[in-house]
Every structure is written in C-alpha cells, then in structure tokens.
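Q: I have a structure open and would like to go through it step by step. Could you help me read it?
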Amino acid sequence: MDSIIDNILMYPKAIELIIVALLIILWISHIFIRLKSSHVKILNSFYVYYFYYSISILVWVLSNTYFHTGYLIKNPEIIAKTMAIIANISAFFTCLSAYLFSCKVKQQYTKIPVSIKVYFISFILSLYALLVNIIPSLTVQHVYIRNVSDFTLQFGHHGKIFILMIIYLISLTFFNLLSIRNNSNQLKKAKVNYMIMGMIIFMTSMAIIQGLVAVFFGDFSLTWLPPVMSVTEMIFMGYALVTSRFYSSRYMLYFLLSNIITGIILFLPLVTIITIDRNHFNIIILYTLITGLVWKTILIQVKPYISLIFYRSNQTPSEKIHQLIDEFKTSPHDALEKLAHLLNVPENRMQLVKKSPDNELFDRYFSKNNDILILEELLDKINTTKGKETLNKLHKKMNQNDAAFIMPMFNSADTVSHYLISTHKNNGKLFSAEEITALKKVFREAQFYINADLQLKQAQSLAHSIAHEMRNPLTQLQLHFEKLQIKIDDQRPREVLTDEINQGKLTIGRGKQLINMILREVSHSPLAQESMTVSSISRLLLQAMNQFGFESKAIRSRVHLHTGHDFTVRANDTLFNFVVFNLLRNAIYYFEAYPASTLEISTHQSLQQNKVIFRDTGPGIPEHVLKQIFEDFYSYHKQGGSGLGLSYCKRVMNSFGGTIECYSQYGQYTEFHLIFPSLPLEASVDEAGQEGDENNIPADNPEPDVHHRAKEKTILVVDDNKMQRTLVQLFVQQLGYQILHADNGKTALDIFRHNQVDLVIMDIQMPVMNGFEATTEIKALSPDTPVIALSGESGEKELQLIQELMDGRLTKPTSKAELQKMLSQCLNSEYNSSTIIRALETSY
C-alpha cells in the first residue's frame, strides 16, 4: 500500500490519468447496459467497433500512466520501452477502430455496404503497426529518463511513418463523418456533429502534441494530453450513439462558459491564498467547502450576463418557456401562442388536442411510455431496436398529421386527458434537449390549469346552451298560459282547456329533454359502464321518435322514418336516444331557414356492417368544416349550442362498437351515418315495432293494477325546494298513495324512524343532511325499503353514488307518468331485487 501511495498517488498527472481510466470503464459499462436494455445485438452491429475503440483508449491511457508514476525512475529502461510500444499499438488500434466504426455508421445511414478494400487496407496497416513496434528499434529505440514525467523517446526510422499513419486514419474517420452529415436528416446530422466535435478535439491534440511537438521536436512533456483528450471523443461519440435528444451548441457553450466564469470568480481568491502561504491547509479546505455551498448562488448571478452574449437576452429560451406557467394560469390559449413563438413553430400549428378514439394508437403507447414522442427519434428507434411494427405505425400516424412531437398531458386521475401536438419548426431544425426539458417541466405544472380551463369552458358552454335552448320552450309555455287565460275568460269548454294544459305539459317535457341532452353532452361519465342490450334498430328508432319533443305537427311531418331493413344492435336505449335527439335537433334547427328541407331516416343492412342514415336537405356543410365537426366545442353557423353534441355522439357510437361519419354537399344535403357492427339476429330482441311503420309506436306495457293497493302504501318525499316537493306530492296524491314530506335529510330520518314508510323519494343536494347521508342511514335501518333519487345531478361522481346507494332515479322535474312507472316497479307486490335492478338500469 505504501508503494502505491509513494509511486502513484503522490503524482497529480498519474492520478488524473487513473481517474480518466475509471471514467472510461464506467462509460463503457453505461453504454453496454443502455444498448442491452434496448435489445441491441452488439456483436452483429457497428457498436462492436465502438467498444474496440473504447478498450483501445483504456489501454492507451493506462500505458501512458506509467510514465507519470514513481515506477518510471525505479524500474529499468526496458519496462519503459515496453510501455511505450504498448502505448503506440493501443493508439493505432484506437484510431483504426474509430475509422472502422465511422465506416459502419456510414453503412447504417446510407445503406451502402463497406467495401472489402477497407478491411484489406485495415489488415495491412494493422500488420505493419504490429511489426514495426514488435521488431526492436523500428519505432521506439531508447527511453531517456530524467525524472517522473520528464523523459525523451528516441524513435527509429519508422517512427514518423507510424505517427503519420495514425494521423491519416484520423483524417479518414473525420471525412467519413463529414460525408454522412452532408447526406442525412436533422437527427443524423446532430449525431454526426457530436462525433465530429469530439474528433476535432482529439485530432488537434494528437496532431500537435504527438505529431509535431513529440516526434518532430522531441518534447514529450505533454504526451499525456492526447489520451485524456481522446476521452472527449469517446464520450461524444458514445453519447451520440445512445441518445436521440441533443442540446444545442449555443446552449452547451452558454452552460460551459457560465460554469467557467463562476469557477474563475470563486477560485481566484483561493489561488491568491495559496500563492501567499501554502501551509494554511485548514483555510484552503474551509474555502473549498464554502465554494461548494455558494457555487449555485454565484452561477445564478452569472448566467444572465452569459445569456446576453449568446441569446441577446438575460434569459435563455428554455427559461422563457418555463416562465409561461404564469400565462397558463390565466389563459392557456395565449400561453400556447407564446410558446409556439418561442419554439419558432408556425402560428396555430401547436395545439392541445383532447384524447379521442382516433388517437387509440397513441393511447396504447403512452399507457406504457410517459415521455414525449418525437418524429425523428421514432425513425432512429425503428432503425436500431426491435418491435418495429408499432413504431412504424406511430411514425406513419405522426407523418399523416404533420406532427413533429406529441406530448401527453394527464388529469388528476393520472390518465391521459390531452395531447400537445406541434408541427416542425419554421427553420426545419430539431427541438433541442433543453427545449424538450423545459416543455415537460412547464406542462407538468400547467396541466392542472389547462384541465381547469377546460372545465370552465364546459361550464360556460353549459350555461350558455341551457339559457339559449330554454328560451323556446319557456316562450311556448308563456304562450300556452296566455291562450289558457283567454279561453278561461271566454268560458270555453273543459275539453278545450284540458287540451291547452296538455300542450303546456308537452312543452315542459321538451324543456326537460333539452336540459338532459345538454347535461349528457358535457358529461365525462365513462360510457363503458352503461348497460348494453341487444335490440332491434326499428324498435330503438321508433322509440326515439316517439319520445322526441317535436315543437309542432308540421315539423314532425317533415321527418320521415323508413325501417324496411331491420337489424340488431348492441346498445343502450338512453344513449341511443340522445344520439338520435342530437341529430334530429341539428337538422330541425335549419327547417325555418330552409322551408323545403326534410329529414329522411333510413336503415341499411349488409354482411360487414349496418347503418342508419340521417339525410337532410338543408344548407349542407363545407368540405373544410367536415374534418372538425366531431371536435369538442366546435359549432358551425349555429348559435347557442354547446359545441359538444356531435363529439358526444361519436363517443356513444364508439361505446356501441361502431362509429359515426358525416358526408355533405354544400348547398344540397348532409348525411350522418350511424355505423354498427353486424350481429346475428338473437331471440332476446324485443320484436315490438319491427313492422317498419313509423306510426306503429310501441305503447308502454301497462303495469299490474296497483292503484287499489295504493292507499295501503306510504311514500316519504324529501326535497328542500318547496316547489319541487309540492309537484311530487301532487302526483303522488293523484296516484292514491299516502304521503309524508320533509325538507332535509335529518328531518326525513326522524320521520322514517317514527312512521311506517314503504318508499322514499329523496333529493340529493339539501341543507343539514344531504340525500346520500340520509339514504345511508335509512338503508342501515331498513335495507329493503326502496329509496328513489329525485335529482338534476349530471356529475360522474354523483351519478355513481346514486347507482351504488339508491334503487332508482327520477330526474327533475319528473312527470306523473315517469313517477307512476317507477312506483309500480318498486311497490308491486311481486317486487324483488331483480325488479329494482331493472328499474335502476331504465333510469340511467
């Protein structure tokens, strides 16, 4: 141990070279592990030459280390001469491996095989290099040792030729890389630039120190530098091999100069202390510790000045990107525009796109990979890794969308909600590593504000849409009241008054239907959880037509249903109704402006797929609009809509295993095709209404007569809104049931404890105790007592709780018919748990 300390650790150059050797070993190990993790077959690829090259550098560094240790002056000259020969041979094979590596890289990029001449010449040169070094006195004749690191090598006649041969190999390598750079895409150019950068450093030190200074001028004091400089080439080349994301040269220079200036500022006082008195080691150690603590603080102060040199601003572009987080808090749209400007992306070509079924390929990829997806990196992975099929599909999809990169954004549930998609830069350059890092950092913080902004837009859209859509039914209701007042004043017959009242009720039903549609459109509840049954398409269409709130018979007469080709679909009745309602509403919207327009609904059957076609002869849709109509919040020439209807229709059709498509000729017609997968005709299909006659509307099956038993049943109505409670009480009394009522959950619980209650109709949002809490307490007291939700809730969480805690759901304001149907199901003498489940499924 003392021998090692005395002969190695006491000499700074030896320590430096040993540290370099350790770094080489670590770097080789890192590259090997990275390639293995990417399933690269190293022995069958050009990477093997990189490892030959790295191992040769390691031997070269270690053999040079000997000349800077105490062993140099203690051991005989023959040892030094042997070490010099080993250094020569390892230096040659370092350069030869680099040259062959460059040839293989060129083959990989240009697909032109390496010529057999290259291998032949390499063999001849290797044979020559070995012979002239092994045969005594041809290259190294004598080693004149004066002290550690102070020696002179006397070369033989082949010494200069040997050095020139090494310089020749370096030059060939350099020109190989240049030729690749001139015929490559941006990513390959970046990789080659890194290789060239490292090579220039190495070539310069090799040519000047080993070639001119040592061999031609006999000065060997700096011969340790080329091995050290060769490490820079090895690291640059290795970095280019294992990564596809590079820092820009400007940023690297900025980073390097900032740290150099910081080092100078901090170490100048230390140099002064050492110059004055070298014996105060305690002060030196203390100052070194202080330097480590204040380095970051000084660096932060230096960076703005260095940034002015390289960017003409006291902030780098990546720092400006990160500062956009404040913009995202106030306006994500404005922040995106500024971000595109900072990244030199064309205007409006960087967008946030909501996750949709069209992006299923990206969804699958990002379920396993959270990192940003870059087009050029994909191509590089395709050329170097396994699993090319998926990567090829991703590359093709990105090319089709003209996407340079796609970055996933996540919601609070840590699932992908949006994608940030950008096209290429205006100047065609790559997105640098510092830009990508800044992007990921800012969007990691901004995704909360982006999701919040989306929810705000939905709320605004919901409020605006409801306010706009409800004007018509409210105006109609007002008109019915005015007519009713006139008819009362005129003492018209009872039948006339009843008819006017019924028309008013229908108007209320249309208003309720509109609200339900709009709430469905903005809902984020997962459609996959909705129950699906196999049904006749004729029955579903006739049912939807029967339930849609047409404003007049005249409008109804312009909608024609043709169900001559019946087929089965796996669908949810309620969801299907909303799709039909949306398409009916969109077509009818233009009936007034286009008096001759009609809507034809027809069914079409084939072996592969079945269709329902909605064809209207309204204004039509321009071709450039067709691509956008299924996007969220997109609305074309339609005032007051939420802009979510068609995107919701697409979600529903996808949940049915189908899709929706739109075809239009501007100024002539518009067709929406509901496409369903073909299913075999099943016995479970409800045959009602399959005759193809639009007037053959299936009537509700009458429930068992329970009216005679109604007086035996007591119903508790709970709602803090007196008007809603009074309306339900009125219907319940008309149906003949006994009634109790409460205005909050706590009062309802007290009433339930002290009375015989057969069924509870429960509001959700109430003071003192809400409906969920009250239901939980009631179910604990009497698990078999049905509790029916009476609510206008549309949130996913609330609907899920209703489904879990309660036995059914009525929407506000409910109708007498809906209430009667629910009570009949739940209070039938043959009522059982399966009946409750069916009632619950019907209500969703």
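Q: Which residue forms a salt bridge with Glu 435, and how far apart are the closest N and O atoms?
A: Glu 435 forms a salt bridge with Lys 425, and their closest N and O atoms are 2.9 Å apart. A salt bridge here is a side-chain nitrogen of Lys or Arg within 4 Å of a carboxyl oxygen of Asp or Glu. Please note that this is a predicted model, in which local features need pLDDT of at least 70 and side-chain atom pairs count only at pLDDT 80 or more, while totals for chains, interfaces and linings use all residues. Residues are numbered from 1 along each chain as its sequence is written, and side-chain values use heavy atoms, with hydrogens and water left out.

Q: Where do Glu 435 and Lys 425 lie?
A: Glu 435 is in helix 18 (residues 433–469), and Lys 425 is in the loop between strand 6 and helix 18. The two are 10 residues apart. Helices (H or I, at least four residues) and strands (E, at least two) are DSSP runs, numbered from the N terminus.

Q: Are those two buried or exposed?
A: Both Glu 435 and Lys 425 are buried. Buried means under 20% relative accessible area, exposed means over 50%, and partly exposed is in between (1.4 Å probe, protein chains only).

Q: How many salt bridges are there in the whole structure?
A: The search of the whole structure finds 10 salt bridges. One of them joins the side chains of Arg 245 and Asp 371, at 3.3 Å from N to O.

Q: Why does the pair of Arg 245 and Asp 371 tie together parts that are apart in sequence?
A: Arg 245 lies in the loop between helix 9 and helix 10 (249–276), whereas Asp 371 lies in the loop between helix 15 (360–366) and strand 4, so the pair ties together parts that are 126 residues apart in sequence. Arg 245 is buried, at 16% relative accessible area, and Asp 371 is partly exposed, at 32%. Salt bridges that share partners join Arg 245, Asp 371 and Lys 440 into one network.

Q: And what about Glu 671 and Arg 615?
A: Their side chains meet in a salt bridge of 2.5 Å, N to O. Glu 671 belongs to strand 13 (residues 669–677) and Arg 615 to strand 11 (residues 609–616), 56 residues apart. Glu 671 is buried, at 14% relative accessible area, while Arg 615 is partly exposed, at 33%.

Q: New topic: which residues touch the most other members in the largest nonpolar core?
A: They are Ile 24, Tyr 50, Phe 92 and Phe 101, in a core of 61 residues. Helix 5 gives the most to this core, with 12 residues. A nonpolar core is a set of buried Ala, Val, Leu, Ile, Met, Phe, Trp, Tyr and Cys residues joined through side-chain atoms within 4.5 Å.

Q: What does Tyr 50 touch?
A: Leaving out residues up to four places away in sequence, Tyr 50 touches several residues, including Trp 27, Phe 101, Met 234 and Leu 241. Contact means heavy atoms within 4.5 Å. Apart from this core lies another, of 44 residues, among them Met 545, Phe 550, Cys 649 and Cys 662.

Q: How many disulfides are there?
A: The count comes to zero disulfides, a disulfide being a pair of cysteine sulfur atoms within 2.5 Å. Cys 649 is buried, at 0% relative accessibility, and Cys 826 is buried too, at 2%.

Q: What is the strand order in the open sheet of four strands?
A: The order is 3-6-5-4, with antiparallel pairing. Strand 3 (350–354) and strand 4 (373–374) stand at the edges with a single partner strand each, so one side of each has no neighbour in the sheet. Two strands pair if DSSP finds at least two bridges between them. Strand 3 and strand 6 (residues 416–422) are joined by five bridges, and Met 350 stands opposite Ser 422 in strand 6.

Q: Finally, what does UniProt list for Asp 763?
A: An unreviewed UniProt entry lists Asp 763 for "modified residue: 4-aspartylphosphate". UniProt positions are given in the numbering used here, feature names are shortened, and annotations may be inferred rather than shown by experiment. Asp 763 lies in the loop between strand 16 (759–762) and helix 28 (771–781), and Asp 763 is buried, at 4% relative accessible area. Beyond its neighbours within four places in sequence, Asp 763 is in contact with residues including Asp 719, Asp 720 and Lys 812.
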